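Notebook open, model loaded. I'm jotting down what I look up, one stop at a time.

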Amino acid sequence: MFYDPVESDFYAWCVERLLRSEVAARYLSHGIVELGAGTGLPIAAALSRCEATVPVRGFERDPKSFQVASRLVAAKAPPGYTVEQGDFFERGVDGPERVAVANPPYLAAPSGDTGTPELWGGESGAEVTNRLLSGPFDVLMLMVASIADPLGVIDHAQRSGYTVADWCVRPIAFGRHSREPGVHRRVRELRADGRAFSSEAGYLLAGVTWLRDPTDPGHTPATVDMNADVLRRVMVTAAEPERVS
Ligand SMILES: C[S@@+](CC[C@H](N)C(=O)[O-])C[C@H]1O[C@@H](n2cnc3c(N)ncnc32)[C@H](O)[C@@H]1O
């Protein structure tokens, strides 16, 4: 079961930022869906802090996490947040919601070769993220890791018709899961291919809001292209700077 005080709190903060944003305001009346509730605590915290009444349907595939989330959401979350057990892609994409959020699994490893399959993001780490970006949503707020093909993700979003409306970023130290030998090896390979960016200490995690509506006021293509472009350059800076001797 995944809960990390730094990462999960940052995700909660990014959801809070989305809830308060003008970008999302006109899409929220149909509610929000979430891939991967984990413990349920991030969304519970974001909704409580904003005193938001928007309904959120979280989906959690991992049975242990779902059990914990059910208990914690009942005890701590506002009534609009519910968590259902099951695969988001089977049950979460056909509802009325136009906004989706996720801190998706992003550990890269060959064929699920990791001790934490619920955190596995395919061979590049970006498979779940790219699948979300191929879905039907108008607004997506997704956490994007610099060790999981971030430039490929930004390109994929652009090809799917999305523009970057907002983003923020913070460093994350390598932890128990991202230091697993299979993951570590795969990240080194991705680094060599220019598909992962990290230093000895860690990597960057961005909360990125994508919008697929060119008529939205305040998000002209020029502004949005600049957002994506700057985000690209920032993700690359997670790589170890070259030493000057
Ligand atoms: C990185 S964890 C994030 C958990 C929580 N949102 C947080 O930030 O603390 C990703 C979660 O997504 C869940 N998950 C992965 N793929 C899923 C899917 N297709 N449907 C539902 N849940 C999924 C995993 O079981 C895991 O709990």
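Which strand do 4 bridges join to strand 4, and do the two run parallel or antiparallel? I looked it up: strand 4 is joined by 4 bridges to strand 5 (residues 139-145), and they run parallel. Strands pair here if DSSP finds at least two bridges between them.

**Ground rules.** I'm looking at a predicted model, where local features need pLDDT of at least 70 and side-chain atom pairs count only at pLDDT 80 or more, while totals for chains, interfaces and linings use all residues. Residues are numbered from 1 along each chain as its sequence is written.

**Whole chain.** I found 9 helices and 7 strands. Helices (H or I, at least four residues) and strands (E, at least two) are DSSP runs, numbered from the N terminus. I then checked the radius of gyration, which is taken over C-alpha atoms, with a globule rule of 2.2 Å times the number of residues to the power 0.38. A compact globule of 245 residues would come out near 18 Å, and the chain has 17 Å, which agrees. Along the principal axes, the C-alpha atoms fill a box of roughly 55 × 45 × 30 Å.

Next I looked at burial. A residue is buried if 20 or more other C-beta atoms lie within 10 Å of its own, exposed if 12 or fewer, and partly exposed in between, with C-beta atoms placed from the backbone. Buried residues make up 47% of the 245.

**Strand 4.** I went back to strand 4 (residues 99-102), where Val 99 and Val 101 point one way, Ala 100 and Ala 102 point the other way, and all are buried. In a regular strand, side chains alternate between the two faces of the sheet. Strand 4 also pairs with strand 1 (residues 32-35), in the parallel sense over 4 bridges. Val 101 in strand 4 is the bridge partner of Glu 34, while Ala 100 stands opposite Leu 140 in strand 5.

I kept clicking on Ala 100. Two residues are in contact if their C-beta atoms, placed from the backbone, lie within 7 Å. Leaving out residues up to four places away in sequence, Ala 100 touches Ile 32, Val 33, Leu 35, Leu 132, Phe 137 and Leu 140. Ala 100 turned up again in the largest nonpolar core, which has 77 residues; Val 15, Ala 100 and Leu 140 have the most contacts inside it. Such a core is a set of buried Ala, Val, Leu, Ile, Met, Phe, Trp, Tyr and Cys residues joined through C-beta atoms within 7 Å.

**Helix 4.** I checked which residues of helix 4 are buried, and got Ser 65, Phe 66, Val 68, Ala 69 and Val 73. Down the axis of helix 4, these fall within an arc of 165°, so they line one face. The arc is that of the directions from the helix axis to the C-beta atoms. On the other side, Pro 63, Lys 64, Arg 71 and Ala 75 are exposed. Among the things covering the buried residues are helix 3 (41-50), strand 2 (56-60) and strand 3 (81-85).

**Helix 8.** I repeated the check: Val 183, Arg 186, Val 187 and Leu 190 are buried in helix 8. Their arc is 105°, so they line one face of helix 8. Pro 181, Arg 188 and Ala 192 are exposed on the other side. After helix 8 comes Gly 194, with a positive phi near 70°.

**Last stop.** Gly 152 sits in helix 7 (residues 150-159). Gly 152 has 17 C-beta neighbours inside 10 Å, so I wrote down partly exposed.
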